[in-house]
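These are my notebook entries on a single chain. I begin with its surface and then turn to strands and rings.

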Amino acid sequence: MAKLNGVTAVSEQISYNGVNYAKSYEDAVVGDIVRMDKDGFSFLPQGAFYEVITDSDGDASIIDEDGDPITPAGEFTVFKRIETTQEPAEDVIVHEGVKYRKVARQANVGDLAILVSRVGSPTHYFLNVPVVVNVKYVSSSDGDIEAEGICERGDVITQTVSSVDYRVLEALTESDIITYEGAQYRKVARAAVEGDLIVAIKPDHNCDDYQIGYVTKLYIEDDVLWFKDSAKDRRRFNGHGNSSNFAVLEPVVPTPTPQPNTLPSSYVIHDGKVYVKETRKADVGETIILTQGYFEYNNGDVTKVSGLCGSDMIYGEKRGRDTVMLPERYNVLVPTDTVTIGDTEYTLEKRKAAEGDTVLIVKAAASGGRYGNGTIGYDVKVDAWSDPEINGSVTISSEYLVLVPKVEAQPAAEPTSTSDIKANVGDRIRITGAFGTEGKYADGDEFVVKSVRRDGRVYVAEHDRPIAQSEYEIITQPQYTEVKRKANVGERIRIVEARFTSGRYSNGDVVTVNRVTSSGGAEFTTQKGEDAYAYLSEYVVLESTAAKYEPQPGDKVRGKSSGRILTLTERKQSCDGYGRGKAWRYAENASDWIGEKQFDVIERAADVKKPEGTRLKVGEYAKVLNKDGSACLTGYDIGSIAEVIEYRVGHLRPYHLKSVKGTTGFAEQRNVIRATEAEVSEAQRKAAKAQFSVGDIVKLTSGGGDWPLCGFNNGETYVIHDLNPRHSKSGAFRIREIGKSSGGGYATPEQLVNVTNPADAKTEFSVGDFARVVGNERGHGANIGDIVKIIRDDNSGLPFKCTHADGKEIYGGEWFMPSELVKLTPAEAEQERKAAEGKAQQAALEAKWAAIGRKVGEFKVGDLVRVLDTLSSSMEIGEITTVVNPDGTNSPEVRHKDGDTRYATVELIAPVESLFNAAK
């Protein structure tokens, strides 16, 4: 949407439509408000506010003053709603044995408060929220507090906390909490609304129809709020003092035990490695840590045992006369590759962290004081260089180890029925409802699933209609094991510890994941068709036990996030280890790569039927697979499309190619495959698009007056404003009237003719000029796109008499207006002249061959020929010889003077039928 009006700013907060927003350092998402902070853009005024919406591609965008979508990043300040509802509120916590509830109010000095976010306080050190702090000072202007608490390093510090980042803790008494139908609720003092549960805190002194502790639910009827009394009679809530007799009940969600933010004290980090402590006598060569300072050693010093003294004592590396130590002064450090944190055992891995990993700092170097050795970062985010962020500071790979949960995989029972389970990639399905496939498939047809949509519909072939879940049944599925980890989109999970179900799912349900939150929560569609959300603790991931398919060159894959279809070409091992799996190059962008975790294989190269006959013919199009061997393909990329303009028999590089960009090259058979029509069309489209640049003056040749070119006229000139507008789904450019700074329409390259400058649009035509027809305003007989030649100019309103480029008469109207024509450039005119000459020469050649009853280039055994190209053989240019074995090309097998045969490019001197044979 466009610029917002009525936004009120107060310090680091704003208010819009009665809703409060706070400044945030996080990325903008749908529903946020952003402010443009940079000056100099007419379409984005400095200081203007915009609401973040979803554009046609599903991305977060704003709409600028020109009506264009813009990604809200860079020079924008982000404001997020203070009343966040993204996660269920954890209302009650236990702190030092006392129950507290969180209250959203301004704190007072002496209050306990709990940190719930970092939206308004990006620099403070209380980074691992929630943490309980003591309020030391309260700002009267904005409610910010000075709070004392324990930071992530274990130190007690005082820090400023924004009012949007804390909740006050109020101690609960047992009377505040009640249990109703097996669930816990707390009493709150607020106005009741429809649907609330309420509890009587005073008896009914009028009719004695309810007593203290009576629980009921409010409902609306005839626009009045009612409840049922203990006799099930309807009672008016706002009448007879009833509302003051009740308190509203809100569900109590217990606060889970927070994850520790440092390594347990039973472990020690030294020199970038992790050790576990053991209480015993050390041996020579072992590493120890001092638990009691002793002479040259301080408490916590680490040293190696250099020798033994008696039966119990040892020497450290500082071997003085008084440095012998008994076992009670030290612990032995034993290297470990696993650690246990809370109830979870982790394996330590030295690799690049991926988004969502847990990492352990073992060699802090670039922390800026925000973390130290032993700091644990959960569910980390990574930057563009795959470096994770911990406590607001980016780490480097030498500083950390990745913690991988170590879970014993347990065999999972196969689902007893697949009728209500979504298929997954690789499943084999059988069509059971062909009536819904519009005749595409028949009942009983079996397929392997290529890809799966969120709604359960599946694709079994590329660019085909999806098959609904009601139209198929799963007949074979891989065997699965249950693994306790964070799920990925598209994976199956089994509910094993259902907690917050709202009646939508239960233990044992198997579902397919639609979306995963940063904390590991999974969104899915239940077997009843309802949207639901399960916490990480509620599910296990079902991993297939079938042998994993290893992608191969030539496989077609679909990007998991982009949805793009790509063709794998070769491995790029140098990019392995970035958390994305094995890296692959792909044909569509030879300089880029994609990891195996980022795509699904939708078509295996081995399953594709090879085309009959591997040799490509002249005029066919090839796709470059590689540049191996002796290929001469300078200027070509992997995946380039080129036309075969000559096949050179007997050559090591027989294919003479010309790319759609005009670049020539030579290739071996192994370097190319036949290109599909779609690949050729796309390459030609890109080549056509490359002829235009922003700012070019163009003439519109078709589509004017119709959407998306309403208000634009064929034959008139415009300027290209944007080559890649976000609204365009077909490769169209955005064009505008010359001199205008707003508005526009969308035209494809095929609808435009590039004019080098504005003066060219008014070029004075001359007799003899060649021109392209771009309009038909006065009813001439040519077609749009035809090339014509001007043969007369009578200087009238309809001045130009034309013929076809080859001189033939134009029937149905041969007079043209200047606006209906675009003059060809000298190069284009020369090309047309050569094309006309070429057609004439070809016609003459065909007539010459037809006179002897043959097609052009049709040789027969015994024909007398002259060598034009030896094709690197021992024959000589101009040598006269005879054809031995014609192969349908202009390079047949001919007789060499030594009696053997060779391949050579030849021309016909005399057909065999005209030769005199004295032997006969």
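I took accessible areas from the Shrake-Rupley method with a 1.4 Å probe; for residues, only the protein chains shown count as cover. On that basis I noted about 49,100 Å² of accessible surface for the chain, 48% of it belonging to carbon and sulfur atoms.

I recorded that this is a predicted model, in which local features need pLDDT of at least 70 and side-chain atom pairs count only at pLDDT 80 or more, while totals for chains, interfaces and linings use all residues. Residues are numbered from 1 along each chain as its sequence is written, and side-chain values use heavy atoms, with hydrogens and water left out.

I looked up burial (buried is under 20% relative accessible area, exposed over 50%, partly exposed in between). Of the 920 residues in the chain, 39% are buried.

I found 2 helices and 76 strands in the chain; these are DSSP runs numbered from the N terminus, helices being H or I of at least four residues and strands E of at least two.

I examined an open sheet of 5 antiparallel strands in the order β75-β74-β73-β72-β76. Because β75 (901–903) and β76 (905–910) each have a single partner strand, one side of each is left without a neighbour in the sheet. Strands pair if DSSP finds at least two bridges between them; β74 (residues 893–895) is joined to β75 by 3. Here V894 stands opposite R902.

Finally, I noted the charged end of K484 over the ring of Y539, 5.9 Å from its centre (the criterion is NZ of Lys or CZ of Arg within 6 Å of the ring centre and within 35 degrees of the ring normal).

Note on methods:
Buried < 20%, exposed > 50% of the residue type's maximum accessible area, 1.4 Å probe, protein only.
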